[in-house]
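Take a look at the structure below. Keep it in view while you read.

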Amino acid sequence: MKLPPLIGRSLNRGLAPLGGENAASLIPRARLTGPVPWVLAIMIALTVLATAGGLALSNLANSARSDLSGALTVQIVEADQELLAQQSEAAQRILTDNPAVQSLRAVPQAELDALLEPWLGTGNAVDSVPMPALIDVQLRDAADAQQIDQLQAALAEQIPNVRVDAQSDWLRPVYSALSALQYLAAVLVILLAATSAAAVWLAVRSSFAAHRETIEIVHLLGGRDDQIARIFQRSVAIDALIGGIIGLTAGLLGVMLIGSRFAGLDSGMVAGGGLGMLDWIAIAAIPFAAILIAMLTARLNVMAALRRMI
Amino acid sequence: MNEAASDIIHFDNVGLRYGTQPEVLRDLSFTLHPGSFYFLTGASGAGKTSLLKLLYLAQKPSRGAIRMYGNDVITLPREQLPQMRRRLGVVFQDFRLVNHLSAFDNVALPLRIAGVTEAELQTPVTDMLDWVGLSHRIDAVPATMSGGEQQRVAIARAVIGRPDLLVADEPTGNVDPEMAIKLLRLFEALNRLGTTVVVATHDVHLLQKVPNSLIMRLDKGRLSDPTGALRYPPRPSGPGTATAKATKSGGDS
């Protein structure tokens with residue numbers, strides 16, 4: 001009788017991992033290519049939109065802040081026009097000598113008139129109303145309360161009715177609203193990431209249940225935990241990659257559509273809300289983060305389930 | 001016998017219970033010697049499959065000690081168990097083939113797990129399928145095979161890696177008598193090459209087909225001889241129930 005074919009022990013004692021095509025063939029592809037890529041695609045598209053919105057808001061707020069953070073307005077109130085002119089010149093000298101001041105500009109009378117025109121109309125009425133002198137000051141750095149107090153004190157020595165205001169004070173409620181929106185976007189991104197991870201977790205668990213028999217067989221035939229986990233990681237990574245590409249494309253289309261609508265506003269307020277190179281890199285990284293989360297989830301899930309077998 | 005301790009399998013006062021149920025295996029103490037051929041018999045529910053599970057490392061005992069190839073399997077680190085399992089070949093009672101894999105891929109599975117390359121495994125797997133008479137079914141998936149064919153694939157998968165210990169649970173239950181004899185010859189051939197073989201079976205006729213085999217009889221979770229004595233089966237032409245040889249297990253693990 002012909003003896004059964006036997007192979008050398010050196011071969012079956014090998015330690016090489018089960019990988020590549022062999023690993024892939026253990027889990028039938030058709031089963032994992034169910035809802036997982038689509039769930040991930042939707043999650044990633046939403047995450048891309050939320051991230052883009054959050055980053056755009058953040059850029060908008062930062063841009064507005066940096067424009068206004070170093071800006072002050074010096075206001076001199078004096079009924080006597082001659083004295084007012086002298087005081088304005090004195091104030092400009094004091095400000096020019098101050099090292100913290102980068103530049104200043106006395107607001108010309110014509111601009112002041114224009115400011116009041118909607119209320120007082122054109123003509124003599126403006127001339128008969130005593131107008132304060134206004135000086136726009138740009139500091140080298142952001143203005144803090146202490147600096148503003150020092151400037152106020154220095155000016156008040158020579159000019160009794162002077163007042164120094166930080167321009168950012170007027171926009172504080174706007175910043176506060178923008179910050180709230182930023183936090184909202186951040187929370188949305190975190191929640192979506194958690195939901196995506198949960199969706200992958202559930203999908204992997206159900207896949208694991210469907211393949212429990214196969215996994216037990218591979219386990220009993222000497223498959224190591226990490227070998228078996230790799231099979232699932234690979235399957236899940238392929239699904240996540242498909243979902244990631246679809247989700248990123250859909251999300252980017254959404255971002256561009258919204259961006260084009262905002263660009264149409266052509267407003268100074270939203271001009272700083274564009275996305276920079278780093279922002280685009282962060283958005284492009286979302287699908288990769290999703291793939292990593294998916295693979296990690298798969299690994300933890302499979303390893304935990306395998307630990308229940310001896 | 002004078003084999004090295006690293007070659008033997010030794011059970012010492014082993015008990016097994018599932019959850020809070022009564023013990024299904026009790027006070028099992030015996031030694032399996034390398035290169036021996038054992039039949040495990042007993043009525044349904046006697047604990048044969050549970051004992052086999054302990055042997056193929058699917059279950060840990062509730063009490064007692066098991067040594068396999070120089071290792072205490074109860075205290076062996078988990079990461080070393082796969083390497084131990086690769087020294088075993090198992091024929092499960094319900095075959096446990098991977099349903100979406102072909103006969104070829106099922107038989108190749110232990111080799112692939114062990115890291116054998118595709119080029120190296122083609123010939124042995126094809127030859128093995130040829131040997132069990134399934135060369136024409138190489139691409140068939142289990143769902144399209146008969147019970148007997150599935151069983152032969154399961155057996156081919158168990159022996160393809162030339163295991164040190166072959167454990168088979170009713171391996172001839174679904175095949176015709178001619179194929180049953182053929183499969184027993186395969187087990188004997190492996191046995192001659194040094195593999196310890198343990199075959200659980202109901203079939204008393206089978207016991208007589210392997211002349212130098214030993215019998216372990218389980219009765220309600222205990223070996224029927226409480227000392228773990230093992231007997232040669234009655235020879236077809238012999239006086240029937242004569243005990244040709246008995247070896248008593250020792251506490252020398």
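This report goes from confidence to a sheet, a helix and a few loop residues.

## The model and its confidence

This is a predicted model, in which local features need pLDDT of at least 70, side-chain atom pairs count only at pLDDT 80 or more, and totals for chains, interfaces and linings use all residues. Residues are numbered from 1 along each chain as its sequence is written, while chains are lettered from A and ligands numbered from 1 in the order in which they are written. The model scores ipTM 0.84 and pTM 0.67. pLDDT is the predictor's confidence in each residue, from 0 to 100. Chain A has a mean pLDDT of 77, with 80% of its residues at 70 or more. For chain B the mean is 83, and 86% of residues reach 70 or more.

Two residues are in contact if their C-beta atoms, placed from the backbone, lie within 7 Å. In chain B, pLDDT stays under 50 over residues 234-253, which have 24 contacts beyond four places in sequence. Where pLDDT is low, the predicted coordinates should not be read in detail.

## Chain A in outline

Chain A has 13 helices and four strands. Helices (H or I, at least four residues) and strands (E, at least two) are DSSP runs, numbered from the N terminus. Of the 310 residues of chain A, 33% count as buried. A residue is buried if 20 or more other C-beta atoms lie within 10 Å of its own, exposed if 12 or fewer, and partly exposed in between; C-beta atoms are placed from the backbone. Take the contacts in chain A with a separation of 6 or more: residues 24 or more positions apart account for 89% of them.

## The sheet of chain A

In what order do the four strands of the open sheet of chain A stand? The order is 2-3-1-4, and the pairing is antiparallel. Two strands pair if DSSP finds at least two bridges between them. Strand 2 (101-106) and strand 4 of chain A are at the edges with a single partner strand each, so one side of each has no neighbour in the sheet. On average, neighbouring strands are turned by 20° against each other, direction ignored. Helix 5 (residues 81-97) of chain A packs on this sheet and touches strands 1, 2, 3 and 4 of chain A. Its direction makes about 165° with that of strand 2 of chain A. Axes are lines fitted to C-alpha atoms, for helices over the stretch in contact, and angles run from 0 to 180 degrees between N-to-C directions.

Now follow strand 1 (residues 71-76) of chain A. Six bridges pair strand 1 with strand 3 (residues 133-139) of chain A, in the antiparallel sense. There, A:V74 has A:I135 as its bridge partner, and A:T73 has A:D136. Five bridges join strand 1 of chain A to strand 4 (residues 162-166) of chain A, again antiparallel. In strand 4 of chain A, A:D165 stands opposite A:T73. The covered face of strand 1 of chain A holds A:L72, A:V74 and A:I76, while A:A71, A:T73 and A:Q75 are on the uncovered one. In a regular strand the side chains alternate between the two faces of the sheet.

## An enclosed helix in chain B

Helix 3 (residues 103-113) of chain B is largely enclosed by the rest of the structure, because 11 of its 11 residues are buried. Just after helix 3 of chain B, B:G115 takes a positive phi of about 90°.

The axes of helix 3 and helix 5 (residues 147-159) of chain B come within 7 Å and cross at roughly 25°. Helix 3 and helix 5 of chain B are therefore roughly parallel. Angles under 35 degrees count as roughly parallel, over 145 as roughly antiparallel, 65 to 115 as roughly perpendicular and the rest as oblique. B:A103, B:N106, B:V107, B:L109 and B:P110 of helix 3 of chain B make the contact with B:V153, B:A156 and B:R157 of helix 5 of chain B.

## Loop residues in chain B

B:T201 is in the loop between strand 8 (196-200) and helix 7 (204-207) of chain B. Is B:T201 buried or exposed? B:T201 counts as buried, because it has 21 C-beta neighbours inside 10 Å. Beyond four places in sequence, B:T201 is in contact with B:F39, B:T41, B:E170, B:T172 and B:L206.

B:Y69 is in the loop between strand 4 (63-68) and strand 5 (71-72) of chain B. B:Y69 has a positive phi of about 50° although it is not a glycine. B:K220, in the loop between strand 9 (214-219) and strand 10 (222-223) of chain B, also has a positive phi of about 50° and is not a glycine.
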